[in-house]
Amino acid sequence: VLPEIPLNPWSPASKEPREEDAEEVNGPRQTFQAEAAARAGIALLGGAIIRDPGSGVRHNTGLLFGADGACLARYRKVHLPEEEGYWETSHYEPGTEPPTVVEGLSMPVGIQLCSDVNRTTGFQLLSAQGAEAVLAPRCTPPQTYDRWRLVLRANAVTSCAYVVSANRPAHTPDGLIGGASLAIGPSAEVLVAVCPGVERGGGAVADAGGAGWRDTPAVQLGRPMAWRAEALISARRSRSTSVIPGSAIRFRVSKGSSTRS
């Protein structure tokens, strides 16, 4: 699981959209992510700002690729903030379609993007469709980590699903972006947090600085979070109650632990 629009600079920090931030379907950022998924042999959730070639309308789009690099799902972010540092409606339009469950992986999954998480409707819709995990990339400031952690845990409980949320790890000079990435169980337990000095996690990552999109923090963050998401899915398949000591993510859950009413 990569952070929100992982191969872009955080352009909504400014109200001025840039032409080069967006691309059409199957553009270079999307191709790069598809090839990375196929090369690693894992499913990968990334994203891009996708521009409609006819209308020119842009959407912040989550992209789920299979282990062969094929695009399994596209989801357009619905809830867009328009505030200091997050001028998103100046850059793209909100999506109009509700989230749907994606089949074809080891468990049915759904997608929510950043501020979508603050409205529980998407999680409830995905739960009603049978999602067992919700993947939620985000781009949030370190000062709000406690609130995001609380909201993500609450969504895990109310949807009876695992929640995997990746944030950009590198702190910007103004403190706008950065913080922990989380995997949370259906009972709200934080299974792993990946960021130096946060929770039980480790795995320091480099600051992106002024690098191009191929060197953005998501590229460094992607591999460890992808390993953990894959471990989560593989563990879910076993459906036993044992726990492997010494590992924050290599857990196994019982058949009844995510029962839906």
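Predicted model: local features only at pLDDT ≥ 70, side-chain atom pairs only at ≥ 80, totals over all residues.

Biologist: How many helices and strands are in the protein chain?

Modeller: The protein chain has four helices and 11 strands. It comprises 261 residues, of which 52% count as buried. Among contacts with a separation of 6 or more, 62% join residues 24 or more positions apart.

Biologist: Let us take the five strands that form an open sheet; in what order do they stand?

Modeller: The order is β7-β8-β9-β10-β11, and the pairing is mixed. β7 (109–111) and β11 each have a single partner strand, so they are the edges, and one side of each lacks a neighbour in the sheet. From one strand to the next, the twist averages 15 degrees.

Biologist: Parallel or antiparallel for β8 and β9?

Modeller: Strand β8 (residues 133–135) pairs with β9 in the parallel sense, over three bridges. In this pairing Ala133 is opposite Tyr162 of β9.

Biologist: And what about β10 and β11?

Modeller: Those two run antiparallel and are joined by four bridges. They form a hairpin with five residues between them, and Ala188 in the turn has a positive phi of about 80 degrees. Ser181 has Val194 in β11 as its bridge partner.

Biologist: How many residues of β11 are buried?

Modeller: Five of its five residues are buried, so β11 is mostly covered.

Biologist: Which strand holds Val164, and is this residue buried or exposed?

Modeller: Val164 is in strand β9. Its relative accessibility is 3%, and buried means under 20%, so Val164 counts as buried.

Biologist: Now the helix that lies across β9, β10 and β11, please. What is its angle to β10?

Modeller: That helix is α3, and it runs at about 25 degrees to β10.

Biologist: Which of its residues are buried?

Modeller: The buried residues of α3 are Tyr145, Trp148, Val151, Leu152, Asn155, Ala156 and Ser159. Viewed down the axis of α3, they fall within an arc of 140 degrees, so they line one face of the helix.

Biologist: Why would residues three or four places apart point the same way?

Modeller: An α-helix has 3.6 residues a turn, so residues at that spacing point the same way.

Biologist: What does the buried side of α3 pack against, and what is on the face turned away?

Modeller: The buried residues of α3 pack against α2 (121–128), β9 (162–165), β10 (181–184) and β11 (190–194). The face turned away from the buried side carries the exposed residues Asp146, Leu150 and Thr158. Just after α3, Cys160 takes a positive phi of about 55 degrees.

Biologist: Then α2: which residues are buried there?

Modeller: Gly122, Phe123, Leu126 and Ser127 are the buried residues of α2. Down the axis of α2 they fall within an arc of 135 degrees, so they line one face of that helix. Their cover includes β7, β8, α3 and β9.

Biologist: Turning to the largest nonpolar core, which residues have the most contacts inside it?

Modeller: They are Val117, Leu152, Val163, Leu182 and Ile184, in a core of 20 residues. The elements giving two or more residues to this core are α2, α3, β10 and β11. The largest share, five residues, comes from α3. There is also a second, separate core of 19 residues, which includes Val102, Met107, Ile111 and Val194.

Biologist: Finally, what of the sheet with four strands?

Modeller: It is an open sheet in the order β1-β2-β3-β4, with mixed pairing. Its edge strands, β1 (22–23) and β4 (71–76), each pair on one side only. Strands β2 (residues 44–51) and β3 (residues 58–65) pair in the antiparallel sense over eight bridges, and Gly46 stands opposite Leu63 in β3. Helix α1 (residues 28–40) lies across β1, β2, β3 and β4, at about 165 degrees to β2.

How values were computed: Residues numbered from 1 in each chain as written. Heavy atoms only, no water. Buried < 20%, exposed > 50% of the residue type's maximum accessible area, 1.4 Å probe, protein only. Arc of directions from axis to C-beta. Contact = heavy atoms within 4.5 Å. Pairing = 2+ DSSP bridges. Axes fitted to C-alpha atoms, helices over the stretch in contact; angles between N-to-C directions. Core = buried A, V, L, I, M, F, W, Y, C linked by side-chain atoms within 4.5 Å.
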